[in-house]
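I opened the model to look up a few local features and note down what I found. The entries below follow the order in which I went through them.

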Amino acid sequence: DGRQVTGYRVSNTVTVTIRNLDSAGALLDQVVQAGANSIYGINFSVADTNALMEQARKAAVADAKARAGQLAAAGGATVGDVLVISENVSAPPVPMPMMDRAAAAEGGAAVPVQAGEQTLSVDVQATFALR
């Protein structure tokens, strides 16, 4: 019918988890040498946040109680029992790694990947009885 195929376009996506940050640069070099020409979404995360989030929740509730105590004292009252407590959940920001592309362009050394830090936070709302 007059149509002719002139080529094909193929893409393949692979997700890799690296637990040793020191090997990340060398691995990226190997991936590029193996033919990868588009690398997207390099990000860092904490593998298991459960214990850290539990610690953050306890600290958030303690902070809420301390603030309630300050407000109650300013109003001539004391803090009583917790009436309502809730956690506000939102998506955390996506961390972006620092990569020095100029150093990578010089050749010889592996792509530098710098460690950073992750922030896990908990936002709670608590209502306390006043005495």
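For accessibility I call a residue buried under 20% relative accessible area, exposed over 50% and partly exposed in between, using a 1.4 Å probe and protein chains only. This is a predicted model, in which local features need pLDDT of at least 70 and side-chain atom pairs count only at pLDDT 80 or more, whereas totals for chains, interfaces and linings use all residues. Residues are numbered from 1 along each chain as its sequence is written, and side-chain values use heavy atoms, with hydrogens and water left out. Helices (H or I, at least four residues) and strands (E, at least two) are DSSP runs, numbered from the N terminus.

Entry on salt bridges. I took a salt bridge to be a side-chain nitrogen of Lys or Arg within 4 Å of a carboxyl oxygen of Asp or Glu, and by this rule I counted 4.

I looked up lysine 58, which pairs with glutamate 54 at 3.3 Å between the closest N and O atoms. The two are about one helical turn apart, because they lie 4 residues from each other in helix α2 (residues 50-74). Lysine 58 is exposed, at a relative accessible area of 56%, whereas glutamate 54 is partly exposed, at 42%.

I then turned to glutamate 87 and arginine 57, whose closest N and O atoms are 2.9 Å apart in a salt bridge. This pair links distant parts of the chain, since glutamate 87 sits in strand β1 (residues 79-88) and arginine 57 in helix α2, 30 residues apart. Both count as partly exposed, glutamate 87 at 32% relative accessibility and arginine 57 at 34%.

Arginine 131 forms a salt bridge with aspartate 81, with 3.9 Å between the closest N and O atoms. Here too I noted a link between distant parts of the chain, from the segment after β4 to strand β1, 50 residues apart. Arginine 131 is exposed at 62%, and aspartate 81 is exposed at 53%.

Entry on glutamine 118. I found glutamine 118 in the loop between β3 (113-114) and β4 (123-130), and at 34% relative accessibility it counts as partly exposed. A polar atom of its side chain lies 3.2 Å from the backbone oxygen of phenylalanine 44. I also noted that the C-alpha atoms of glutamine 118 and valine 46 are separated by 7.5 Å, although these residues are 72 apart along the chain.

How values were computed: A polar contact is a pair of N or O atoms within 3.5 Å; within protein, one must be able to donate a hydrogen and the other to accept it, and residues adjacent in sequence count only if both atoms are side-chain atoms.
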